[in-house]
Amino acid sequence: MMKRRHAAGYLGRKKRKAGGRGRARSSRTGRRRAAGTAYVLPEHQSAAAVVSVQNEEQTIGRVLQELRKLPLCDIITVINGTTDGSLAAALDVPGITIVHMPEPLGHDVGRAVGAGMTDADIVLFVDGDLPVPASELMPFLTAVSKGADVALNDIMPYLGRFDRWDDVSVIKAFVNTALGRRSLRANSLTSVPHALSRKALETIGTGRLAVPPAAQAAAILAGLKVTACYSVDVITRNRVRRTNTGRGNDVARLIMGDHMEALSNAMEQEGPRLGLPDLVRRREAAGGDRPWGTG
């Protein structure tokens with residue numbers, strides 16, 4: 001693994017301790033000005049961004065340049081399994097931290113790795129294949145700054161009527177409903193951008209981010225404030241790949257499996273019925289001594 005930090009673009013950053021977890025924190029005021037626009041966080045709050053990158057040399061530069069307009073104490077770029085010029089493109093951008101791993105990790109694991117490298121109060125997550133203007137990223141930081149623990153991307157305006165939803169959107173909404181958060185509909189940590197508070201990261205653990213729906217379920221069950229705060233179109237703008245095209249594609253199957261894992265974890269914690277009552281049936285009368293499935 002290779003790490004590289006550019007010092008440019010940062011004010012008052014503390015150096016990492018040798019042999020430590022690689023955490024970094026800034027004493028900056030949380031203000032950065034770009035093209036006449038000021039993006040501001042309260043002075044007592046710090047924010048960082050985590051970018052997961054694999055073979056995205058055409059877009060990573062623009063992604064990082066937009067992030068550099070925001071009031072961030074660090075931009076952690078996890079480049080993994082790259083065979084193109086993504087690393088070289090990232091090296092051209094000052095003011096970022098690069099973690100380079102030769103083997104593919106998967107975007108979700110990359111986010112988990114990056115999240116473990118900062119102790120910022122707010123952590124914003126984006127992908128290297130989709131440049132999002134700073135003006136559309138700032139609302140996620142603001143939402144957490146104002147009290148949200150998990151600020152999701154509200155993709156509902158881009159899904160259309162329910163009868164036209166894809167299978168992945170349906171299972172996202174089903175899991176949210178099963179966990180008592182029907183209002184979240186099909187919004188999920190599987191979609192970037194999103195942001196988490198320090199409280200959320202410490203409550204659910206950064207390692208859990210490797211399976212985003214499981215992390216979201218854990219946040220909901222822990223009573224954290226989960227909200228869909230702003231809409232960024234990642235549906236029509238998503239990069240088309242062989243693995244995410246066609247019904248039942250590899251990415252869809254992965255995400256659906258992640259949601260089943262999230263449900264399984266929740267049922268282990270809350271019971272087979274996720275705490276929902278069964279007030280009528282006397283199941284033990286059907287045979288056996290155990291009132292199975294009463295949850």
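Visitor: What does buried mean here, and is Cys-73 buried or exposed?
Guide: Buried means under 20% relative accessible area, and exposed means over 50%. In this predicted model, Cys-73 has a relative accessible area of 2%. Because that value is under 20%, the class of Cys-73 is buried.

Visitor: Which class does Cys-229 fall into, and how many disulfides does the whole structure have?
Guide: Cys-229 has 27% relative accessibility, which lies between the cut-offs of 20% and 50%, so Cys-229 counts as partly exposed. A disulfide is a covalent bond between the sulfur atoms of two cysteines. When the whole structure is searched for such pairs, the number of disulfides found is zero.

Visitor: How many helices and strands does the protein chain have, and what percentage of its residues is buried?
Guide: Along the protein chain there are eight helices and 10 strands. The chain has 295 residues, and the share of them that is buried comes to 50%.

Visitor: How are helix 5 and helix 8 oriented relative to each other?
Guide: Helix 5 covers residues 167-178 and helix 8 covers residues 250-270, and their axes come within 9 Å of each other. These axes cross at roughly 10°. Because angles under 35 degrees count in this way, the arrangement of helix 5 and helix 8 is roughly parallel.

Visitor: Which residues of helix 8 meet helix 5, and how many residues in the contact are nonpolar?
Guide: From helix 5, the residues taking part include Val-168, Ile-171, Phe-174 and Val-175, while those from helix 8 are Ala-252, Ile-255, Met-256, His-259, Met-260 and Leu-263. Sorted by class, the contact has two charged residues and one polar residue, and the number of nonpolar residues is 10.

Visitor: What covers the buried residues of helix 5?
Guide: The buried residues of helix 5 include Ile-171, Ala-173, Val-175 and Ala-178, and Lys-172 is also among them. What covers these buried residues includes helix 7, at 212-221, and helix 8.

Visitor: Where is the cis peptide bond that joins Val-192 to another residue, and what is its omega?
Guide: Most peptide bonds are trans. The cis bond joins Val-192 and Pro-193, and Pro-193 is found in the loop between helix 5 and strand 9. The omega of this bond is about -5°.

Visitor: Is Leu-274, with its positive phi, buried or exposed?
Guide: Most residues other than glycine have a negative phi. Leu-274, in the segment after helix 8, has a positive phi near 55°. Its relative accessible area is 18%, which is under 20%, so Leu-274 is buried.

Note on methods. Residues numbered from 1 in each chain as written. Predicted model: local features only at pLDDT ≥ 70, side-chain atom pairs only at ≥ 80, totals over all residues. Heavy atoms only, no water. Axes fitted to C-alpha atoms, helices over the stretch in contact; angles between N-to-C directions. Helix = DSSP H or I, 4+ residues; strand = E, 2+ residues; numbered from the N terminus. Parallel < 35°, antiparallel > 145°, perpendicular 65-115°, else oblique. Contact = heavy atoms within 4.5 Å. Nonpolar A, V, L, I, M, F, W, Y, C, P; charged D, E, K, R; others polar. Disulfide = S-S within 2.5 Å. Buried < 20%, exposed > 50% of the residue type's maximum accessible area, 1.4 Å probe, protein only.
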